[in-house]
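Dear colleague,

Please find below the structure that I am handing over to you. My notes on what was found in it follow directly after.

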Amino acid sequence: MKYLFLLIVLVYSAVGLANPALDEQASDYQLAKTEQELAAEAVVDKLIMAYNAQNIRQFIELYAEDVEFYMYPQTLMFKGKEKLIERYGLMFKKMHCLKATSIKRVTHGSIVIDHETSEICSKEPGVVDKRSEFVTSYQVEAGKITKVVFFR
C-alpha cells in the first residue's frame with residue numbers, strides 16, 4: 001500500500017512537470033490576448049451596449065455591408081445590412097427594454113464566442129417577460145462584424 005501511494009505521487013509529479021498548462025508561466029502566457037482578439041472583443045462589447053440602449057444606428061454601424069447571419073451549423077438566416085435593419089429595427093422600436101449580457105467569452109483571433117443571456121420587455125417597461133440563453137459566434141474583420149452564427 002505504501003508503494004502504491006509512492007507510485008501515485010511519482011506519476012502525478014511527472015505529469016505535473018511534463019504538462020506546461022500546469023506551469024504558472026504557461027498559464028500567464030495562455031491568458032494573454034493578442035491585439036486582434038482585444039479589438040474583436042471591443043467591437044462585440046460595443047454591439048452589446050448598442051443593443052441594450054436600443055440604438056439602431058450604433059448597432060448597425062458595427063456590421064459589414066454584406067454581413068451574414070447563420071443558425072448553426074450552416075443555415076443562412078439572412079445576409080446584408082438591409083435585412084439586418086428590417087429584423088432588428090422593428091424589434092428596437094417595439095420592445096420596451098432589451099438587455100443582453102455576456103456571461104462567458106472565448107476569443108480566438110478574430111472570432112468572439114459569447115455565452116449570452118437576453119431579457120426582453122415586450123409589454124411594459126421594466127417587466128421582463130422573456131428570458132433566453134444562447135451562444136453566439138461573431139467574426140470581426142477590420143472593425144466590423146462580418147459573420148454571426150447563433151447556436152440554439
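The torsion about the S-S bond of Cys 97 and Cys 121 is about 65 degrees, so the disulfide between these residues is right-handed. A disulfide is a covalent bond between the sulfur atoms of two cysteines; here the term is applied to a pair of cysteine sulfur atoms within 2.5 Å. The sulfur atoms of Cys 97 and Cys 121 lie 1.8 Å apart, and the count by this rule comes to one disulfide. The bond links distant parts of the chain, with Cys 97 in strand E3 and Cys 121 in strand E4 (residues 111-121), 24 residues apart. Cys 121 has 1% relative accessibility and therefore counts as buried (buried means under 20% relative accessible area, exposed over 50%, and partly exposed in between, with a 1.4 Å probe and protein chains only).

Please note that this is a predicted model, in which local features need pLDDT of at least 70 and side-chain atom pairs count only at pLDDT 80 or more, while totals for chains, interfaces and linings use all residues. Residues are numbered from 1 along each chain as its sequence is written, and side-chain values use heavy atoms, with hydrogens and water left out.

As to the overall architecture, the protein has five helices and six strands. Helices (H or I, at least four residues) and strands (E, at least two) are DSSP runs, numbered from the N terminus. From the N terminus on, the order of the elements is α-α-α-α-β-β-α-β-β-β-β. Of the 152 residues, 30% count as buried. The protein exposes about 10,500 Å², of which carbon and sulfur atoms supply 59%; these accessible areas come from the Shrake-Rupley method with a 1.4 Å probe, and for residues only the protein chains shown count as cover. Among contacts (heavy atoms within 4.5 Å) with a separation of 6 or more, 46% are between residues 24 or more positions apart.

I turn next to the strands, where two strands are said to pair if DSSP finds at least two bridges between them. E3 and E4 run antiparallel and are joined by 11 bridges.

Phe 69 has Phe 78 in E2 as its bridge partner. E1 and E6, by contrast, run parallel and share five bridges; in E6, Val 149 is the residue opposite Tyr 70.

Ser 118 lies in E4 and, at 7% relative accessibility, counts as buried. Beyond its neighbours within four places in sequence, the contacts of Ser 118 include Tyr 51, Lys 99 and Phe 134. Glu 141 lies in E5 and counts as partly exposed, at 35% relative accessibility. Glu 141 is in contact with Ser 110 and Thr 146, leaving aside its neighbours within four places in sequence. Glu 141 and Ala 64 are 77 residues apart in sequence, yet their C-alpha atoms are 8.5 Å apart in space.

Which residues touch the most other members of the largest nonpolar core? They are Phe 59, Tyr 63, Phe 69, Leu 84, Tyr 88 and Ile 145, in a core of 26 residues. A nonpolar core is a set of buried Ala, Val, Leu, Ile, Met, Phe, Trp, Tyr and Cys residues joined through side-chain atoms within 4.5 Å. H3 gives the most to this core, with seven residues.

Finally, helix H5 (residues 81-94) has 14 residues, which at 1.5 Å a residue should span 20 Å; its end C-alpha atoms are 19 Å apart, which agrees. The expected span is 1.5 Å times one less than the number of residues. The buried residues of H5 are Lys 81, Leu 84, Tyr 88, Gly 89 and Phe 92. They pack against several elements, including helix H3 (35-53), helix H4 (56-61) and strand E1 (63-71).
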